[in-house]
Amino acid sequence: MSETARTQPKHSASRIWLPAIVFVAAIAAWEAYVRMAGVPAYILPAPSLIVTTLVADWPVLSVALLVTLKTTLAGLALAVIGGVALALLLSLSRVVEYSIYPFAVALQVTPVVAISPLLLIYMPQEIAVLACAWIVAFFPILSNTMLGLQSADRNLLDLFALYSGNPMTLRQRLASRLKALWLLRFPAALPSFLTGMKIAGGLSLIGAVVAEMAAGSAGVSSGLAYRIIESQYRLNIPRLFAALVLLALTGIVIFLVTSALSRLALRHWHESAMEPEA
Amino acid sequence: MAASLQPQSASPLVSLRGVGKTFANGLTALSAFDLDILPCEFISLLGPSGCGKSTILRLIAGLSEPTSGSLAWSDATPADHRSEIGYVFQDPTLMPWASVADNVWFPLRLRGVSKREAASRIDDILSMVGLDGFARAYPRELSGGMRMRVSIARALSLRPKLLLMDEPFAALDEITRFKLNDDLLRLKRELDCTIVFVTHSVYESVYLSDRIAVMTPRPGHVAATMTVDAPRERDARFRASATYAKLCGQVSDILARAMILPGGAS
């Protein structure tokens, strides 16, 4: 008991320090290699140069970051709305579930890279990019939310049936169903919905980047992925790396925010959000 | 040995006559099940696993309909009895996202009682089951025995006439089970409700019950009922007494004979 009490804080601190040390060591090795071997910047820029480029090109890159971020977040938001709404619809009726779910799966398993050129033909560029982000982010939310809604405790649903009175009319039946949904199924679905959202956050960014690359057109509305392609054509490799760093940071921030959201929502009751016992 | 049918004269609270239940998958859980549940008695349904004990409780609660036979309440006009029933499952089946108080509030909430109106009742019931000061705790933070207490408190929140308990203590350790057995007897005295208690433990059924209905294996029916001939006040002394041992022996004999009865093709 006393032993775990002693190792616990050290253990959680090491989860921050260990990767930090690895990160710093890797960056230092990279910097040292580039300097000592005299690698030209158009092949491999040093980390210091990437940071300098990031600062110098900030006016261009920040605009691009904003565009990609907007697409990603809008895609995620639409995926949450669409995914939860469709999951509700499918969970209310088996007939609807059987008739629609296979198409949602088909949409998911088709690689989005292959769909994006088509979308670009049918839609204006901005909408097409958004649609791509939505398509990839939508499915994990749909399938996880559906799983959650269906995993409500049968005994609790029995208690609900026992105490909520006998619904006579169709309207009462619907009202009682919605009440069970609100009181029992929604809370039961929350953990898996949040898991779906954690996955969808990353996927939405991937969808946005893929679509931007496929779109490949210049202009005010071009995001980070477009800047990466453009830098590659111009052999502006430091800027390519800088854009890549921003994309990676965006992904990390999205993951951290969705994880924090999940922990906040589940902190009292779900095993996944429990603090290890001190 | 009193293995007779209904010797009591009081009119039953619920009576089941020739009740049969066959599920959609063709499984016959019950056939020709007869039983009278008398007001304010503690009756145990004792039988092997899968003999349809839980199905009986579901039928009484109106959560499922009998395939054949009839189930009647004592009142002259048929009424909705569901708010007069408390139901305790083998698992505590609490809502993990809700505090202890909110879990106990659940049946009241479904009957349209607001949290504010229910507050004092929730407090009373929690102290009755020995959970003072745990209203704001979450189920995850409680031990197995305490979760079962919350489950019992929830079942009692509507002050039910009839409490249905489906092997509620089967998953608990013996020390906790003995404690909860005593507390259940005390609650029964305080609330004066009828309890139908499903168990597969001979010892538990003898300790708790006024009457024991021994069931055959599937398809289940009542092989014999036995009145437990002992004072209602029971404690550790009763558990150690010769009377208790003798009663347990009798019930074991009845159960052993019920296991080989025809109709009980397992």
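So, B:Leu163: its bridge partner in strand S7 of chain B is B:Ile195. When I say strand or helix, I mean DSSP runs numbered from the N terminus, with helices being H or I of at least four residues and strands being E of at least two.

Before I go on, this is a predicted model, where local features need pLDDT of at least 70, side-chain atom pairs count only at pLDDT 80 or more, and totals for chains, interfaces and linings use all residues. Residues are numbered from 1 along each chain as its sequence is written, and chains are lettered from A and ligands numbered from 1 in the order in which they are written.

Okay, back to the sheet. S6(B), residues 162-166, and S7(B), residues 194-199, run parallel and are joined by five bridges. To get from S6(B) to S7(B), the chain goes through helix H5, residues 174-191, and that β-α-β crossover is right-handed; in other words, with the strands pointing away from you, the path from the first strand over the helix to the second runs clockwise. S6(B) also pairs with S5(B), again in the parallel sense, over four bridges; pairing here takes at least two DSSP bridges between the strands. There, B:Tyr87 stands opposite B:Leu164.

So is S6(B) buried or exposed? Five of its five residues are buried, meaning 20 or more other C-beta atoms within 10 Å of their own, with C-beta atoms placed from the backbone. B:Leu162, B:Leu164 and B:Asp166 point one way, B:Leu163 and B:Met165 the other. S5(B) is covered on both faces too: B:Ile85 and B:Tyr87 on one, B:Gly86 and B:Val88 on the other.

Now, the domains. Chain B has domain 1 (1-81 + 162-266) and domain 2 (95-160), with bounds from an automatic or database assignment. Their C-alpha centres lie 26 Å apart. Across that boundary, 13 residues of domain 1 are in contact with nine of domain 2, contact being C-beta atoms, placed from the backbone, within 7 Å. On the domain 1 side, H5(B) gives the most, six residues.

Last thing, the other chain. Here 18 residues of chain B are in contact with 15 of chain A. S5(B) (85-88) and helix H2(B) (100-110) are the elements giving two or more residues to chain B's side. That side divides into eleven nonpolar, two polar and five charged residues; we count Ala, Val, Leu, Ile, Met, Phe, Trp, Tyr, Cys and Pro as nonpolar, Asp, Glu, Lys and Arg as charged, and the others, Gly among them, as polar.

Note on methods. Contact = placed C-beta atoms within 7 Å. Buried ≥ 20, exposed ≤ 12 C-beta atoms within 10 Å, placed from the backbone.
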